[in-house]
Amino acid sequence: MSILDSINKENDIKNVSEDDIPELAEEIRAFILGNVSRTGGHLASNLGAVELTMALHLCMDFPKDKLIFDVGHQSYTHKVLTGRKDDFYKLRQFGGISGFPKTSESEADAFNTGHSSTSLSAAMGFAKARELKGTDEKICAVIGDGSMTGGMVYEALDQMSQLKSNCLVVLNDNEMSISKNVGGLSMSLNKLRVGKTYNSLKSNVENAILNIPDLGIRMAKGIKRSKDSIRNLLIPGSFFEEMGITYIGPIDGHNIPEMVKIFNDAFRLEKPVIVHVKTVKGKGYPVAERHPEYFHGVGPFDIDTGKPLNLKKTRTYTDVFAEKLIELGERDEKIVAITAAMGSGTGIKKFGKRFPDRTFDVGIAEQHAVTFAAGLARGGFTPVVAIYSSFLQRAYDQILHDVCLQNLHVIFAIDRSGIVGEDGETHQGIYDTAYLRSMPGMTIIAPKGEKELEAALEYAMTLDGPVAVKYSKGGCYDDADKKSVRFIDGRAEVINFSSVVGSYNGPSVALIGVGDMVRIATEVRDKINDDTGMTPTVINLRFIKPLDKERIRETAENYDIVAVIEDTAISGSAGEAIGYEIASVKSGCRLMHFCIKNERLQHGSVSRLLESEGLDAESIYRSIKKAINDR
């Protein structure tokens, strides 16, 4: 029996002998590697955090103690150690366990996370709640070095410096090598500074000096200046120390005994403590160690080679965007590109290779990215801000206050709009229509396919104010792109008009597709045609804002059933806006709105989630067929 077989619930790791801990770490690493190779998921970050998570579990008691993971995609070891290893065969699949912490999944998950730079604020909330209740649970936040670019971190640190009780922050620095600061002097200082004897002595000496008449305060200040100068020379982290937060590190994030000793000592201090650990992203899997960015998030792959199992290369909307942006950049030197730590994911990295001086990766700082773009626009440039839909919502105020209210020509390339899939509710791009529709002066374009995305970007360059071009994750739709893709301001496109073959004399039907869901609309059209002999009209909405009111009203007046199809949350959706226009027309048309009715959408494949929401072609066809029969 393997050691991992003995881990079936929270705190079982404490029953493992010290000699067996290294072997357990390797078993967990192999377990994660094997499962992610089958299901896909976040690999490199989890392989790098195995020992770190184990050390924390050896120091903490779950679910009483609270462990908050920043972002949360590195929580696989935590899930294994809290009784969920038997569920990993359905990791990130519909009905299976999430790839992120979920309070609904286990009491050991203290806080739901999916976006970065949030853990310190949450940990501060837990710490204050503990003080108010008078309880004694341990609180720890694990945050990656990349997340330290997010502004919320420093807002939390500012308040944390005032905390009079313990809160442990583990800074997981997963660069590819162990810093030279991991040496004898640094380690000795770390152990000394968290030790009970040192802190008691330090406090007693400070009090004694301050009590010396006349000279006490001046002596204390002089000693502090000398101490700080030496500390700044020898020990990194003086920034945290100046804020009143004890800093320890860097230490080896793969040395479990060393981390356990320091974590236990840190938990005993009645003040906030930052422990800086150095880990290797992709640890133990050489392919991932060499290519940590590629193996950050992967689909199923062959363990021996690291190559994806699905070798069929599909051109994605991201590919189309990246290539078109380079073409536009070659024509216009005023075009600049901005991303927030997602250069590869958004395609901006390709633009950066061609135009390095006109490409800016601002780190995980979406708010700054948008206001930075506003400044560039005011300076005479045309900034293209490429950010995933779920991350752009973090910059809502900056889009409104800094871009839209000044009517600045900033182009938002919103990748992963709509249903994203396996990453689940924190990453679904189903809310962007709602938060963008209220923005003054904002033009919102949802291209239906490959050629139309290219045309949308061309068109966006010709406008004066803010423009949002939103497109889906994954392969492009191109069947309907044989039609014209010429853009006319605010006008929808008619893919085909209705026709009847045979004896059909039932109600007329129009299908309005939004963005990539035009693909589904054409499939529904073909199913209805095969069944009834009637071909519904298919309309590509194109512009969510401004809405083509003329076309919508005309459609309401001439069709018995109008169905709007979009993979967007119902509140604030395009369908709601269309319904408002139809209500203003005196007609007997019936509006059917196919969208996401659930306010939270779980993880699973895109196709499975479409089915669950009744947004697949077969489900929509059946609903419209029933409406036809009812008429």
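Mentor: In this predicted model, a cavity is a set of grid points where a 1.4 Å probe fits but cannot get out, and its lining residues have an atom within 4 Å of a point.

Trainee: Which residues lie nearest the centre of the largest cavity?

Mentor: The search of the whole structure finds one cavity of 30 Å³ or more, and about 90 Å³ of space lies in the largest cavity. Its lining comprises 14 residues. Those nearest the centre are Lys470, Ser472, Gly515, Asp516 and Asp567.

Trainee: Which strands stand at the edges of the open sheet of five strands?

Mentor: The sheet has mixed pairing and the order E12-E16-E14-E18-E19. Each edge strand has a single partner strand, so one side of each is left without a neighbour in the sheet; these are E12 (493–496) and E19 (590–596).

Trainee: Which residue in E18 stands opposite Ala510?

Mentor: Strand E14 (residues 509–513) runs parallel to E18, and five bridges join them. Opposite Ala510 stands Val562.

Trainee: How is helix H1 oriented relative to H4, roughly parallel or roughly perpendicular?

Mentor: The axes of H1 (residues 21–39) and H4 (residues 76–84) come within 11 Å and cross at roughly 110°. Angles of 65 to 115 degrees count as roughly perpendicular. The orientation of H1 to H4 is therefore roughly perpendicular.

Methods
Residues are numbered from 1 along each chain as its sequence is written. This is a predicted model: local features need pLDDT of at least 70, side-chain atom pairs count only at pLDDT 80 or more; totals for chains, interfaces and linings use all residues. Side-chain values use heavy atoms; hydrogens and water are left out. On a 1 Å grid over the protein atoms alone, a cavity is a set of points where a 1.4 Å probe fits but cannot get out, and a pocket is an open set with protein on both sides within 12 Å along at least five of seven lines; lining residues have an atom within 4 Å of a point. Grid points are joined across faces, edges and corners, and a volume is the space filled by probe spheres set on the points. Axes are lines fitted to C-alpha atoms, for helices over the stretch in contact, and angles run from 0 to 180 degrees between N-to-C directions. Helices (H or I, at least four residues) and strands (E, at least two) are DSSP runs, numbered from the N terminus. Angles under 35 degrees count as roughly parallel, over 145 as roughly antiparallel, 65 to 115 as roughly perpendicular and the rest as oblique. Two strands pair if DSSP finds at least two bridges between them.
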